[in-house]
Amino acid sequence: MSVMKTHLWPEFIIERNDDRCIRCEVCVNQCSFEVHSFDATFNEVFAEDMNCVGCQRCQVFCPTHALTIRPNPTQPRPNANWRVEHLFDLKKQAESGGIVLTGMGNDKPISIYWDHLLLNASQVTNPSIDPLREPMELRTYLGRKPDRVMFHRDSELPGGPVVPVTQMTPLVPIETPIIFSAMSYGAISYNAQKSLMQAAAAFGTLANTGEGGWPREFRKFHDNVIVQVASGRFGVDLEYLNDAKIVEIKLGQGAKPGIGGHLPGEKVTADVSQTRMIPEGSDALSPAPQHDIYSIEDLGMLIHALKEATRYEKPISVKIAAVHNAPAIASGMVRAGADIIVLDGIRGGTGAAPKIIRDNVGIPIELALAQVDERLRKEGIRQQASLLVAGGFRNSGDVIKAIALGADAVYIGTAAFVAIGCTLCQKCYTGKCAWGITTNRPDLVKRLNPDQCTERLTNLLRAWSREIKEMLGGMGINSLESLRGNRLHLRAVGLNQWEMDALGVKGAGF
Amino acid sequence: MTWEFASPGAFAMAGPTGKITYQPDGRAVVDARGIYYRQLNEQLRQLVKTGAKEIDVINVYGQRYLGTSIPEHVKLRIYGTPGNDMAFAMHGPEIEVFGNAQDGLGNTMDEGEVIVHGSAGDVLAMSMRGGSLWVKGNVGYRCGIHMKEYGDKVPLVVIGGSCQDFFGEYMAGGSVVLLGLGLAAGETHKAAFMGTGMHAGRIFVRGTVDPGQVGKEVGLTEPDAAELEQIRAAVRRYVELFGGDEAEIMATPFVKMYPKSLRPYGRLYAY
């Protein structure tokens, strides 16, 4: 077969200001996609634009700011239907015959409802509260709450001891309603997972192992770790389940609802193989369904298997992608015994997904959240499970709006990664992440200093928590619990009536 | 194929539900009649905690998750029909069932042994990563799927009868021996899509396997000498447990199902 000339052209252009360039070769060493090269004979730095993914690593590390990396201004004839992205994918497929892969969350302008929801603030009639001087409660308990709490007075005499008689189920406290999403070791680097767990432990929140097992050395963070049981069951044993604070069954993921995962063999290094307990170099296949779950009853069976395995000492969480019938499914999940349910919206991130699935399957998290909360309330079972949401939360404004729509807490993945270097170049699946986040190449992994990353992550959690307290105080509320599901604190702008109905909010001005 | 189950004998009707009695040799006997799995499993946990090493559980009617949460080297004898997900994530115990097992036996099982003097249902040994499973009779659909191995932790499943479709699907490690003892002369295994997506591990089938019965990721060959020894050892143990004639069983040739690639889907994507 003859070598095929590619019809693709560079997505990014590298501009080097020669007056500023000092030939230090930082760009050459920093780029893991082999863009920059130094020719000593001509004392010249060259760039292969074709390889550039736009991750900005070289530009950020260039000591003289000699580099500008920007999208290639070269455009074919503009066409509203056939956008450049379509052309690129078509050409890639013509040259490979493969499914187009991508990383991170949906980047299309599918309605982002957070941008159409506005918060309330107190004026005159209900005083706002200054969180700098008054206590503000962000602590949240995850797990099944009793329908009612009953007490028994031990003595007939007044003032006799009162003892609770309600049997409580396990609850897990978090100090801020923000936890780190499920991202597996193998898909993300050792140092990235360590940073997330260390930060969760430092701040009093949780990090999720994802489905790739849990390295021994990270077991010390057990009070702050959610472990996942997914269709691949990688690294799942009794110790793994019992070491964790919460066990989560993963049925779906917002970035790729309905399909499984393939961690390519080249990412299954010796350490990853040990953690996942599979042979080195073999593909780690997570089948699309869990083959012991074909119904709500089967889900109940796995939930209770995990409860038995953990002696009823841990909440069991069930995660699904936000899809069309999410409310009915969520109701079934709660009735099957889930103590926590997780919804992951269409903007949820991933280390690798077929682009066509990421961009076309699922629904926005705002709509799923509002409808699931509504459905569980109407059925009188909302208190039986905590409701966690995930999928593209960008700032504390998105978080607090989610709480007002009914969420107990929010999972963040992409935002946490941006905090430690990620620029959303979407090339996670190549295993070459120049920022050391989604790679297992030792020279790249060591770019991530876990202690510095932990500081960045705890700073982020602190900043968001402060902002949430400010917004709460502005509404005259001193406890997050009082905002949960309180949609009267939200108003919509620029939405259709059906959208406001789905979200359960009034239009602004009303 | 028919067989008779060992009778629980004199203590079949012993006492009210949930009652624990003791045999002269100190063995505890738990009567499971009418009690829910949660109580039964809690009772077993407590017994083990107080030092019981061998427990007979009689009158078992579908109670689930037996053996799941007892990470000790104890022996359980189950009389009756244990429910779904027996030995889920099990680490340690040895379970002998005098009856049939239901679905999900050995789900994500880690260490220990389960012996079933009967048949078992669907998704047997799903994601099993260690220990061994012995079934005298037949098994249902999707058995042995996504089994795994790592280092010297290699799960073993031995089935006396035959299986249904999707046997060994996604298999990622471990060894399975399928004896087909219930098949009539000239009769073959009926399962389709065997080993679909298989990317590690090995399945030894006594009798013939048509290439049309297996997934496109699966190759068929004869077991080599070392593998034949493994098979012989498994058959010897099977005969010890359930009876039969080792020489007679070994007289019929075995077919080995193996994965053609560690990376069946390596060329699926465009980068």
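Start by selecting whatever covers the buried residues of α7(A): the cover includes β13 (225-229), α5 (238-243), β14 (246-250), β17 (316-321) and α8 (326-335) of chain A, together with α1 (37-49) of chain B. Contact here means that the C-beta atoms of two residues, placed from the backbone, lie within 7 Å. Helices (H or I, at least four residues) and strands (E, at least two) are DSSP runs, numbered from the N terminus.

Before moving on, a word on what you're looking at. This is a predicted model, where local features need pLDDT of at least 70 and side-chain atom pairs count only at pLDDT 80 or more, while totals for chains, interfaces and linings use all residues. Residues are numbered from 1 along each chain as its sequence is written, and chains are lettered from A and ligands numbered from 1 in the order in which they are written.

Now pick α7(A) itself, residues 296-309. Its 14 residues should span 20 Å at 1.5 Å a residue, and the end C-alpha atoms are 20 Å apart, so the two agree; the expected span is 1.5 Å times one less than the number of residues. How many of the 14 residues of α7(A) are buried? The count is 10, so the helix is mostly covered, where buried means 20 or more other C-beta atoms within 10 Å of a residue's own, exposed means 12 or fewer, and partly exposed is in between, with C-beta atoms placed from the backbone. Among the buried ones are Leu299(A), Met301(A), His304(A) and Lys307(A). Step just past the helix to Arg311(A), which takes a positive phi of about 55°.

Next, the barrel in chain A. Colour β11-β12-β13-β14-β17-β18-β20-β21: these 8 strands close into a barrel in that order, with parallel pairing. (Two strands pair if DSSP finds at least two bridges between them.) Zoom in on β11 (residues 178-182) and β12 (residues 207-208) of chain A, which pair in the parallel sense over 2 bridges. There, Ala182(A) has Asn208(A) in β12(A) as its bridge partner. Also find α8(A), which packs on the sheet and touches β17 and β18 (340-344) of chain A; its direction makes about 155° with that of β18(A). Axes are lines fitted to C-alpha atoms, for helices over the stretch in contact, and angles run from 0 to 180 degrees between N-to-C directions.

Turn to where the chains meet. The contact takes 38 residues from chain B and 31 from chain A. On the side of chain B that touches chain A, β9 (172-178) and β13 (269-270) each supply at least two residues. Strand β5 (residues 99-102) of chain A runs parallel to β13(B), joined by 2 bridges, and Val100(A) stands opposite Ala270(B).

Is Glu156(A), with its 6 C-beta neighbours inside 10 Å, buried or exposed? Glu156(A) counts as exposed, and sits in the loop between β8 (151-153) and β9 (162-164) of chain A. Ile35(B), in the loop between β2 (28-31) and α1 of chain B, has 21 such neighbours and counts as buried.

Chain B has 3 helices and 13 strands, and buried residues make up 53% of its 271 residues.
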